Amino acid sequence: MKKFIVLLFVVSAIIMTGCGNDNVSKLDIKNTENIIEKDLKDMKEVDDSSLEDVYDLDLSKMDEHVIKQNEDGDLYAIIKTSDKTSVKNVMEKYFEKIQQFNKNYSPERLEILDSRLEKEIGDYLIYIVSKDASKIYDKIVKSL
Amino acid sequence: MKKLIIKPKVKKVIMICFLVFLFFSVLLSPFLFIHIRLIGESNISLDYGSKYSEPGYRASIFHKDITDKVKVEDNLSKKIGIYDVSYHYRFFIYDIKKIRKVTVSDLTGPKIDLKGDKELSLTVGTQYEEPGYEAIDKLDGNLTQSVKVNNNIDIQKLGEYQVTYEVSDKAGNVSREVRKVKVEKMKPTQMAIDNYSLSGWYDSSKLSQTNNARDAYFNQIVVVGDSNIKNMYLNGYLDGNNAWAIPCLNSETMHSTELYLYGYGSKMKLIDAVSKYKPKVMILNFGTFSTWLSEQVFVSNANSMIEEIKKQSPDTQIILSSIYPITKGKNINAFEQDIINKFNFLILELADKQKIKYLDVQEVLKDKDGYGKDAYFVADKFHLNPLGHSIVKEYIKTHVLEGI
């Protein structure tokens, strides 16, 4: 009988192993940065004063944010916010501003900027401007 | 140890329960072992007009990745409504499924476009004229007529004000834009000739009136300029060693033309003379011919000359002199007093930007109509006579640079 009870527990445990079906709504910003920067090299953080003064970016609705770019024009942004609609609008204006700069200085970047990747995971917004944006995002998904 | 004794009847019940459990477990096991995880939330709000961007998903059977085998279907539409994105994995007779709800609704307010500049300047006393605006909503269309415009501008009072534009759409989304309006005092460039005054503008950059410092101060100063400076030397109001000049000088030719250094009996470019003699104090008069240049060319050349002097002789204290006025009436070079006034304001702005001093000598050479006083000028209307030179000299001596 003892053996029988033990068997019952083992079978139950095996079956329960498959349980637990939560969605992934949290993002480790640092880890995500690391994943992105395996493909995008020499990324430098755009400081808050430049974001506010040069690009008129309203940072007040962002709980956490990291925006980095490199000299090739690759860019990514990871933003945590509880007001995604407002931040999306803010980022839309931010990209319009970059587009204006690019029109004058780097017209070859316009297409890649237009086809930028925009994703949301829970309270996080992710933007990637790179020709490899989809590939990079797949890596982020696989890490979750 | 005491052996656990279970009654046969109880044993039978346990056995049945276990078999029932085992049966359902086997039946339901695909739902337990096959695991589809959605990346991001299972309820997504999408703004009307925005494109749905799949956040991703992961699927596994035990720890084996089967994400590639998941089929994604959706009934998404651009219209307002609630839609499903479903993620399926077929396993024999089982369809393991996850659903993500996508709610498309109007989440953003109308877009307000302000015509004209978002930051405006008004001269005190002039009416604010609205440059215009337009409000367009993705769903409700043109809402320009519904925009509420408010402002707190007091055109009689200097200060910064705001004009606010507010409008909401049918969904209740409110949009707001702001135009900043600065009410400023009248700029010297806008003043009539008889009202022209630099008073109140960059006062800290102007040399103010002091006690007469006499020749001990004056003789330390090199004065650079055009024919008016040459004549100041020729008329005996400036020592030859301190007069570096050439007729018709302007801020552009100042870089390339060789100037007479009368006391040294030599001729050289200004920057070479600065480098060689490193004067303690230097008054730079860009010359009346500078007013023939465009404002941009003038400022750019004047600015770069100051930079070069600072580089060649960092200890030289530079004073920018105003361009002298002209007397009323036509002159052979078609110099115009209102343009000279404009350039003197530019020189003052430049002095402030370069953190050097400005000598507003023009004020002492003018009559009540804002032109050069006839008594100080010769017949050609733009060259000073000896009396004019003496007035300039006295002005320099009574507007002393501190610390010299």
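View 1. Asp84(B) stands opposite Lys101(B) in strand 7 of chain B. This is a predicted model, in which local features need pLDDT of at least 70 and side-chain atom pairs count only at pLDDT 80 or more, while totals for chains, interfaces and linings use all residues. Residues are numbered from 1 along each chain as its sequence is written, chains are lettered from A and ligands numbered from 1 in the order written, and side-chain values use heavy atoms, without hydrogens and water. In their hairpin, with two residues between the strands, Phe92(B) takes a positive phi near 50°.

**View 2. An open four-stranded sheet.** Here the strand order is 9-14-13-12 in chain B, with mixed pairing. Strands 9 (119–123) and 12 (148–151) stand at the edges with a single partner strand each, so one side of each has no neighbour in the sheet. Strand 9 runs parallel to strand 14 (residues 174–184) through five bridges, with Leu122(B) partnering Val183(B).

View 3. Asn331(B) counts as buried because its relative accessibility is 12% (buried means under 20% relative accessible area, with a 1.4 Å probe and protein chains only). The side chain of Asn331(B) reaches the backbone nitrogen of Phe335(B) at 2.9 Å.

How values were computed. Buried < 20%, exposed > 50% of the residue type's maximum accessible area, 1.4 Å probe, protein only. Polar contact = N/O pair within 3.5 Å; in protein donor to acceptor, adjacent residues only side chain to side chain. Pairing = 2+ DSSP bridges.
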